Amino acid sequence: MSLTVLRTVDAWWVRTPGGAAQVETDATTTGELLAEPERIEAARESGQTVDPTTLDLVAPVTTPCRVVAQMTNFASHVEDAGLDPASIPLAFFRKTSGSISGPFDDIVRPDHVCCLDYEVEIGLVIGRELPVGTQVTEDSWTTYVAGLVVTNDVSARDIQLPKTQFFESKSYPTFTPAGPALVLLDDDELKRFGDLRLRLWVNGDLRQDAVVQTDMIYPPLEALQALSRFQRLDAGDLLLTGTPAGTALSAPPKPVELVAALLPPTLKWKIFFQRQARNPKYLAHGDVVEVAIGTDDGAIDLGLQRTVVRSS
C-alpha cells in the first residue's frame, strides 16, 4: 500500500486520511529516512495530524545526491525530434543535485538563456544500495526503488544543442523541481509503472500527455540493469526516466534540416535559434508550469507540482 511522504525544512510527514502526521525521526536526508521504515509506518498510524495545505513543502529528495537521467526515452519524443525510436540506444546523462528545487519554488531562467524548455518526468528514488556489478532482474528491480516523485527536467536548449552536451544546460539551480511528495510503493504497485500517465500544462494549456506503457522505450528494469554496469546508486539517489512529446523544441522540417547541414556549425545554430526565439512555447517570465503524474484510476497519485518561471 502506497505511503505519501512530505517534507518541510525541518520535518518529514506522512499523509493520512486525517491529514499530515509528523514522522518522529532525526533523519536529515532522504536516504536516512528510507532506512527507518518503522518510523514512517508509525506516523501513518498516528492520530495527531495537521492540515497538509498548511505545510510549506520542499523537495522530498534531499541534496547532495546523484541525479541520473535517461535520454530520449519516449517514442513520441524521439519521433518529434525527427528520429526513429528503433534506432535510439539506452543512454544516460548526469545533472547536478544543486538543480533540485521544491515543488512550488520558482524556476529561475538565467539571463543568458533564451530558449527555456520543460520536460515532465517520473523520478525513481533509489531505496537501497545498488553497487556496480549488481545483477538486477525482473523479480528484483522493484526492491531497489523506494518510490516515485514528480520531476520537471528544465532545459536550456540554446546551451544544450550548440554545445552538444546536457550537463550544463540541465543543471542550473531550480532546473529539477521535485515533488510535491515522495510516494513509497510496494512491489505490486511498482509493477503498475506502465499505467502511469504524465501530464504537463503551461498557463493551463496541456502540452504533454502520455502513458508509459505505450510510449516509454526503456523501462526501469533495463535502465537499472544498464546503470549497474558502471554507476553505483545509493538510497536517496534520483533517476529521471525521460519525457514524452510536447516540449517546446521540435525538429525543423526536412528541407530546412538538409540545407542547415551544409552550413558551418556556428552559422547553423545562429539561424536555428533565431527561428526558435519566435517559438511561443518556450517558457517566459510569469509562465505557470503544472505537472502531474498518476494512474488514470487514481490508485497511484504522485501529486501536482506548480512552479512559476522568473527571470534572474
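Begin with S17 and strand S18 (residues 301-311): these two pair antiparallel over six bridges. Strands here are DSSP runs of E, at least two residues, and helices are runs of H or I, at least four, numbered from the N terminus; two strands pair if DSSP finds at least two bridges between them. Show Glu 290 next, whose bridge partner in S18 is Arg 306. Then follow the hairpin of S17 and S18 across the five residues between the strands, where Gly 298 has a positive phi near 80 degrees.

A quick note before moving on: this is a predicted model, in which local features need pLDDT of at least 70, side-chain atom pairs count only at pLDDT 80 or more, and totals for chains, interfaces and linings use all residues. Residues are numbered from 1 along each chain as its sequence is written, and side-chain values use heavy atoms, with hydrogens and water left out.

Trp 201 has Glu 290 as its bridge partner in S17.

Next stop, the open sheet: nine strands in the order S3-S2-S1-S13-S10-S9-S16-S4-S5, with mixed pairing. Colour S3 (19-22) and S5 (92-95): these stand at the edges with a single partner strand each, so one side of each has no neighbour in the sheet.

Finish on S9 (residues 120-126) and S16 (residues 238-240), antiparallel and joined by three bridges. Val 125 has Leu 238 as its bridge partner in S16.
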